[in-house]
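Q: I would like to learn how to read a model like this one. Can we go through it feature by feature?

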Amino acid sequence: MALSIWEALAVFAAGIGAGTINTIVGSGTLITFPVLLATGLPPITANVSNALGLVPGSISGAIGYRRELKGQKARVLRLGAAALLGGLIGAVLLLALPSQAFDAIVPVLIGLALLLVLFQPRIAAAVKRRREQTGTEAHPDGGPTLLVGLFLASMYGGYFGAAQGVLYLSLMGLLLHDDLQRINAVKNILGALVNGVAAVFFLFVADFDWTAVLLIAVGSTLGGQLGAKVGRRLPPTILRGVIIAVGIVAILQLTLG
């Protein structure tokens, strides 16, 4: 489908915004997906084009956070395997199932994730006290609970991906005892893996619009670098507030949009 110059500029600008917000928090799809629909693309084509276009932005954001990734190779490999598998299954489900089942549960998942983000410091402190009382050690990579949680979140990410980063941050923030910026760096890697595996699958089996893909790809790549510069300067309290604000917008858009 041919885009007008103004539609092309809108898609490009949406790509920049999505790349920026994905690197800081996630939920960039909430910016690009409605813009693609407004240009006249069918929903599935828009979703697939969006997933393909956001891959370079995810990689760009991960590169921008490379300093915070130092010392996390084993963690990334372990969690990345679960993300890859979940993302592939989610991409398959996008083409195999109607969206009604996911539409009903997604706002609930995001709401629960926001509660975890909001109360994460208190919950983590309570868990730490409990471990000190019982003499047990925390698993450095979150253990099986985090693997299962990230696998399910990645299934959703491969299917649609709006507020996927919020789910990642809430799960890892609760189960990993680490700095929020380092956790955010891992989130960017996981997002790149899920978007990447879904994109490879879509290339062979789904319809997409190359113009939209290229515009979002270039825009999200620029946005990924911008998001890395902004995101790493945010104090944990401010970053947590941004996560919650974006999550609330996601819930409102998904339920009222």
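A: Start with a loop residue. Asp 209 sits in the loop that joins helix H8 (180-205) to H9. Helices here are DSSP runs of H or I with at least four residues, strands are runs of E with at least two, and both are numbered from the N terminus. The model is predicted, so local features need pLDDT of at least 70 and side-chain atom pairs count only at pLDDT 80 or more, while totals for chains, interfaces and linings use all residues. Residues are numbered from 1 along each chain as its sequence is written, and side-chain values use heavy atoms, with hydrogens and water left out.

Q: Is Asp 209 buried or exposed?

A: The test is relative accessible area: under 20% is buried, over 50% is exposed, and in between is partly exposed (1.4 Å probe, protein chains only). Asp 209 counts as buried because its relative accessibility is 7%.

Q: Which residue is 173 positions from Asp 209 along the chain, and what separates their C-alpha atoms?

A: That residue is Leu 36, and the C-alpha separation is 9.9 Å. Phe 119 gives another such pair. Phe 119 belongs to helix H5 (residues 100-134). Its C-alpha atom is 9.0 Å from that of Leu 174, 55 residues away along the chain. At 37% relative accessibility, Phe 119 is classed as partly exposed.

Q: What does the whole chain look like?

A: Count the elements, then read their order. There are ten helices and zero strands. The pattern along the sequence is α-α-α-α-α-α-α-α-α-α. Of the 257 residues in the chain, 52% are buried. Contact means heavy atoms within 4.5 Å. Among contacts in the chain with a separation of 6 or more, 83% link residues 24 or more positions apart.

Q: How do I check the length of a helix?

A: Compare two spans. The expected span is 1.5 Å times one less than the number of residues. Helix H1 (residues 5-24) has 20 residues and should span 28 Å; its end C-alpha atoms lie 29 Å apart, so the two agree.

Q: Which residues of H1 are buried?

A: First, the general idea. An α-helix has 3.6 residues a turn, so residues three or four places apart point the same way. Now the case. The buried residues of H1 include Ala 8, Val 11, Ala 14, Gly 15, Ala 18 and Gly 19. The list also takes in the run from Thr 20 through Ile 21, Asn 22 and Thr 23 to Ile 24. Just past H1, Gly 26 adopts a positive phi of about 130 degrees.

Q: What does Thr 32 touch?

A: Thr 32 is part of helix H2 (residues 29-38). It counts as buried, because its relative accessibility is 1%. Leaving out residues up to four places away in sequence, Thr 32 touches Ala 14, Gly 15, Ala 18, Asn 50, Leu 54 and Ile 216.

Q: How do I read the packing of two helices?

A: Take the axes, then the angle. Axes are lines fitted to C-alpha atoms, for helices over the stretch in contact, and angles between N-to-C directions run from 0 to 180 degrees. Helix H3 (residues 43-64) and helix H9 (residues 210-231) have axes that come within 7 Å and cross at roughly 25 degrees. H3 is therefore roughly parallel to H9. The cut-offs are under 35 degrees for roughly parallel, over 145 for roughly antiparallel, 65 to 115 for roughly perpendicular, and oblique for the rest.

Q: Which residues of H3 and H9 meet?

A: On H3 they include Ser 49, Asn 50, Gly 53, Leu 54 and Gly 57; on H9, Ala 212, Val 213, Ile 216 and Ser 220 are among them. By class, this contact of H3 with H9 has eight nonpolar, eleven polar and no charged residues. Nonpolar covers Ala, Val, Leu, Ile, Met, Phe, Trp, Tyr, Cys and Pro; charged covers Asp, Glu, Lys and Arg; the others, Gly among them, are polar.

Q: What does Ser 58 contact?

A: Ser 58 is also in helix H3. At 11% relative accessibility, Ser 58 counts as buried. Beyond neighbours within four places in sequence, Ser 58 is in contact with Asn 188, Gly 191, Ala 192 and Asn 195.

Q: At what angle do H6 and H7 pack?

A: Helix H6 (residues 143-159) and helix H7 (residues 164-175) pack at about 175 degrees, with axes 9 Å apart. H6 is therefore roughly antiparallel to H7. Their contact has nine nonpolar, five polar and no charged residues.
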